[in-house]
Amino acid sequence: MLHLEEYLITIFTPVTDIIDLVAILFILWGFIKSMYDFVVLRIKNKTLSGTDIKTIRCYLGTYLLLGLEIMIVADIIKTVINQTREDLIFLGGIVLIRTILSYFLNKEIEEMKSGL
């Protein structure tokens, strides 16, 4: 019979892998759509206006931000499952870095949207 910890690890390890995959798919979708919009605008206009670039950057930044926040969810679940000191320190560092990235990325997106 499995102990509760082993049971939780068995269940939630694939769940966190799926959450990470979803985050990567969001980021990839934002990248692909942004590049598509960039190429289409380049073909149509030959030169891109500042507004065009800002719109594309906002779109990409939004999906990047969403992907980073979803990855934080997976990291928190992984740490709750494993609960070692090293995992807690690692989680703290990862969450700190991703939170700082998210904050500044969100701030930049808001500034770009207000300038459109």
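Where is the place of Val39? Val39 sits in helix α1. The views below show a predicted model, in which local features need pLDDT of at least 70, side-chain atom pairs count only at pLDDT 80 or more, and totals for chains, interfaces and linings use all residues. Residues are numbered from 1 along each chain as its sequence is written, and side-chain values use heavy atoms, with hydrogens and water left out.

**View 1. The protein has 3 helices and 0 strands.** Along the sequence the pattern reads α-α-α. The radius of gyration is 19 Å, well over the 13 Å that the globule rule gives for 116 residues, so the protein is more spread out than a compact globule. Helices (H or I, at least four residues) and strands (E, at least two) are DSSP runs, numbered from the N terminus. The radius is taken over C-alpha atoms, and the globule rule is 2.2 Å times the number of residues to the power 0.38. The C-alpha trace spans about 65 × 25 × 20 Å along its principal axes.

**View 2. A nonpolar patch lies on the surface.** Its members include Leu21, Phe31, Met35, Val39 and Ile53. Together the patch residues have about 960 Å² of accessible area. Such areas come from the Shrake-Rupley method with a 1.4 Å probe; for residues, only the protein chains shown count as cover. Patch residues have over 30% relative accessible area and no salt bridge; like charges are joined within 9 Å, nonpolar side chains (Val, Leu, Ile, Met, Phe, Trp, Tyr) within 5 Å. A salt bridge is a side-chain nitrogen of Lys or Arg within 4 Å of a carboxyl oxygen of Asp or Glu. Helix α1 (residues 4-45) gives the largest share, 10 residues.

**View 3. Met35 and Val39 are two residues of helix α1.** Met35 counts as partly exposed because its relative accessibility is 33%. Val39 is also partly exposed, at 44% relative accessible area. The classes are buried (under 20%), exposed (over 50%) and partly exposed (in between), with a 1.4 Å probe and protein chains only. The C-alpha atoms of Val39 and Leu91 are separated by 38 Å. Along the chain these two residues are 52 residues apart.

**View 4. Thr16 is found in helix α1.** Is Thr16 buried or exposed? Thr16 counts as buried because its relative accessible area is 2%. Leaving out residues up to four places away in sequence, Thr16 touches Ala74, Ile77 and Lys78. Contact means heavy atoms within 4.5 Å. Across the protein, buried residues make up 25% of the 116 residues.
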